[in-house]
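Let's take a walk through this structure together, looking at how some of its parts meet. Have the model open beside you as you read.

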Amino acid sequence: MNIASLLDRSARIHPGRPALLHGARVLHSYAGLAARVAALAGHLRHACGVAPGDRVAIYGANCPAYLEAQQAIHWCGAVVVPVNYKLHAKELAHVLENSGARAVCTSPELRDAALSIGADAARLQVLGSDGWETAAQGAPLPMHDAAPEDLAWLFYTSGTTGRPKGVMLTQRNLLAMTMAYFTDVDNVAPEDAMVYAAPMSHGAGLYQYAQLLRGARHVVPLSGGFDPAELADLARSVGQLTLFAAPTMVHRLVAHLQRTGGNGDGFKTIVYGGGPMYVEDLRRAIDVMGQKFVQIYGQGESPMTITALAREHLADTAHPRWTERIASVGVAHACVQVRVVGADDRDVPTGELGEVLVRGETVMAGYWANPEASGQTLRGGWLHTGDIGSLDADGFLTLRDRSKDVIISGGSNIYPREVEEVLLLHPRVSEVAVVGERDAEWGEIVVAFLVAQGEPAPDAELDALCLSHIARFKRPKHYRWLPALPKNAYGKVLKTELRGLRGTPS
Ligand code: AMP
């Protein structure tokens, strides 16, 4: 089954319902949206030569045409390759090359960047442009009949080593993820409105399917992103809002509502996840907005679907273990099994820490063209998440640490190794270790500890070096120089000791 059937089904059952909104303005009904998607699929097939199984990248910020592009790629049987639009052109180049993308859909402001790294001009589609509008009026393509194991989504995730890897998600994975939303996260009514305040290339975009299935409204904010004042306005004008938000977004939205005397009216559900939520922040959020929250824990390799902490659990304040539960990430989704194991891959006793493993319908097929990494991560038939946690007797999972050392700043993942490799290119940097430091606004910020070769380099030079290689948001906020990095007997840098060390600013 092609996941685009969910749109087609809703267009047949309730053709006149509003489907796609830009701000509070309705752009297309379900019938209108499905017709445009079928026409855009025809354009991809006939004008860009996109065949079933081909990869098509989307490199753009949130906009209404983003959703059309995702659905059109599915419709013609191709594979969506969503690219974080904040990535540096060099990082995009790797994704295009590695995935062998046949076409690229981009936003107008990123068109030149896409061309500069070699995207084929003839196969570059500019989201929302005149050409896009003309293509959306063209002849419809019949939907490609996909098999459950066909690839549908290729999501690039950075690792601790090497370049970003393409997580292969099949049609079955996406369908299972969609059903898991209804089972463990929330029900959806046609009056609901999913607002895309977080990037549609990531989790927020993956939540489109459950809303499409129920014929709910899809709202792309005019800002294209997260603006608490705009969200509060949309809650009033559109209402019944659901959104996926990183914990830092929840923090900022709640602070805005508190400042302006607002509350949770007009919001139906806020699904938070993607990084740790501090308990004080959650309590305050519930105080201000009411019981509107559901937490999910997932990762690209088992999208949005490992555990969930349901509204009922958060509301059950009389439960003797309520405090522990709200600090947890909840219980395994019904369609997956979760275990916590030691280094030998055997279960650790209840309450003890180990690596979190997952098996089930949402777990990826593997990494694109990387059998070695796939075999390692999926060994024994279980996804090795790299996250460290413990299970309690009731099955609630609490995450303690991330063995992969990922820094999550403002909801974006930053892998220290990527930043370290760039800083080491500077001739006056002999050693470097990058860690995350807790920050009230961003969740975590990036801090680099460096050992100088001769005199320390000025911050400006290090900034410039980072900006020429990696995305702006990955650049360290602080550079701290040390005479030597703390290391263990094997010469491995002790990052735990670095967190909290001040060093000398340059
Ligand atoms: P990504 O693959 O980019 O979605 O990042 C996934 C990683 O984010 C997971 O492996 C966890 O380390 C972290 N993460 C996701 N959800 C949560 C959550 N609810 N609480 C804490 N960390 C989370």
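In this predicted model, Asp 394 and Arg 321 form a salt bridge, with their closest N and O atoms 2.5 Å apart. Asp 394 sits in the loop between β19 (383-391) and β20 (397-402), and Arg 321 in the loop between α13 (311-315) and α14 (322-326), so the pair ties together parts that are 73 residues apart in sequence. Asp 394 is partly exposed, at 35% relative accessibility, and Arg 321 is also partly exposed, at 34%.

Now turn to Glu 91 and Lys 474, whose side chains meet in a salt bridge at 2.5 Å, N to O. Here 383 residues separate the partners: Glu 91 belongs to helix α4 (residues 89-99), while Lys 474 lies in the loop between α17 (459-467) and β25 (478-481). Glu 91 counts as buried because its relative accessibility is 11%, and Lys 474 is buried at 2%.

Asp 233 pairs with Arg 236 in another salt bridge, the closest N and O atoms being 2.6 Å apart. Both residues are in helix α10 (residues 228-237), three residues apart, so about one helical turn separates them. Asp 233 is partly exposed at 42%, whereas Arg 236 is exposed at 64%.

Salt bridges can also link up: Asp 186, Asp 192, Lys 268 and Arg 311 form a network of them. The count for the model comes to 22 salt bridges.

Finally, look at helices α1 (residues 5-13) and α2 (residues 30-48), whose axes come within 8 Å and cross at roughly 140°. The two helices are therefore oblique to each other, and their crossing is left-handed. The residues of this contact comprise seven nonpolar, one polar and no charged.

Notes. Residues are numbered from 1 along each chain as its sequence is written. This is a predicted model: local features need pLDDT of at least 70, side-chain atom pairs count only at pLDDT 80 or more; totals for chains, interfaces and linings use all residues. Side-chain values use heavy atoms; hydrogens and water are left out. Axes are lines fitted to C-alpha atoms, for helices over the stretch in contact, and angles run from 0 to 180 degrees between N-to-C directions. Helices (H or I, at least four residues) and strands (E, at least two) are DSSP runs, numbered from the N terminus. Angles under 35 degrees count as roughly parallel, over 145 as roughly antiparallel, 65 to 115 as roughly perpendicular and the rest as oblique. A crossing is left-handed if the near helix is turned anticlockwise from the far one by less than a right angle, and right-handed if clockwise. Ala, Val, Leu, Ile, Met, Phe, Trp, Tyr, Cys and Pro count as nonpolar, Asp, Glu, Lys and Arg as charged, and the others, Gly among them, as polar. A salt bridge is a side-chain nitrogen of Lys or Arg within 4 Å of a carboxyl oxygen of Asp or Glu. Buried means under 20% relative accessible area, exposed over 50%, partly exposed in between (1.4 Å probe, protein chains only).
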